[in-house]
Amino acid sequence: MANYKIEHDREGCIGCGACAANCPANWAMKNDSKSSPKKTAITDKELDCNMKAAQGCPVNVIHIKDEKGKQLI
Ligand code: SF4
């Protein structure tokens, strides 16, 4: 069951690759040199990895909300 939602402002992504390095389970670089999450609905178990991806983003374009819509990052 998905408990958290990832929002990625792809337009602002500078393609540094940090998210893919910090959380390869859910983040990958694409042909246009920007990243994308493999999925945007994630569970408790997947939260840590994706929080690391968001925390490591130098331009803060990765955000995660809980099921109530509260923004965690
Ligand atoms: S860490 Fe941020 S800027 Fe870097 S590739 Fe990922 S989303 Fe883009």
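Predicted model: local features only at pLDDT ≥ 70, side-chain atom pairs only at ≥ 80, totals over all residues.

Q: In which sense do S1 and S5 run, and how many bridges join them?
A: Strands of a sheet pair through backbone hydrogen bonds, either parallel or antiparallel. Here S1 and strand S5 (residues 62-65) run antiparallel and are joined by four bridges, where two strands are said to pair if DSSP finds at least two bridges between them. Strands are DSSP runs of E with at least two residues, and helices are runs of H or I with at least four, both numbered from the N terminus. Along this pairing, Ile-6 has Ile-64 as its bridge partner in S5, and His-8 stands opposite Ile-62.

Q: Which strands form the open sheet, and in what order?
A: The open sheet has three strands in the order S4-S1-S5, with antiparallel pairing, and its edge strands are S4 and S5, each of which pairs on one side only. Between S1 (residues 4-8) and S4 (residues 41-42) there are two bridges, and Lys-5 stands opposite Ala-41 in S4.

Q: Which residues of S5 make up its covered face, and which its uncovered one?
A: In a regular strand the side chains alternate between the two faces of the sheet. In S5, Ile-62 and Ile-64 form the covered face, whereas His-63 and Lys-65 form the uncovered one. Helix H2 (residues 44-55) lies across S1, S4 and S5, and runs at about 145° to S5, the angle being taken from 0 to 180 degrees between N-to-C directions of axes fitted to C-alpha atoms, for helices over the stretch in contact.

Q: Is His-8 buried or exposed?
A: A residue is buried if 20 or more other C-beta atoms, placed from the backbone, lie within 10 Å of its own, exposed if 12 or fewer do, and partly exposed in between. His-8, which lies in strand S1, has 21 C-beta neighbours inside 10 Å and therefore counts as buried. Leaving aside residues up to four places away in sequence, His-8 touches Ser-36, Pro-37, Val-61 and Ile-62, a contact being a pair of C-beta atoms, placed from the backbone, within 7 Å.

Q: What pattern does the protein chain follow along the sequence?
A: The pattern is β-α-β-β-β-α-β. The radius of gyration, taken over C-alpha atoms, is 11 Å, close to the 11 Å that the globule rule (2.2 Å times the number of residues to the power 0.38) gives for 73 residues, so the protein chain is as compact as a globular protein of that length. Of those 73 residues, 22% count as buried.

Q: How many residues surround the ligand?
A: There are 13 residues around the ligand, the closest being Cys-13, Cys-16, Ala-18, Cys-19 and Cys-57, where a residue is near a molecule if its C-beta atom, placed from the backbone, lies within 6 Å of it.

Definitions and conventions. Residues numbered from 1 in each chain as written. Contact = placed C-beta atoms within 7 Å.
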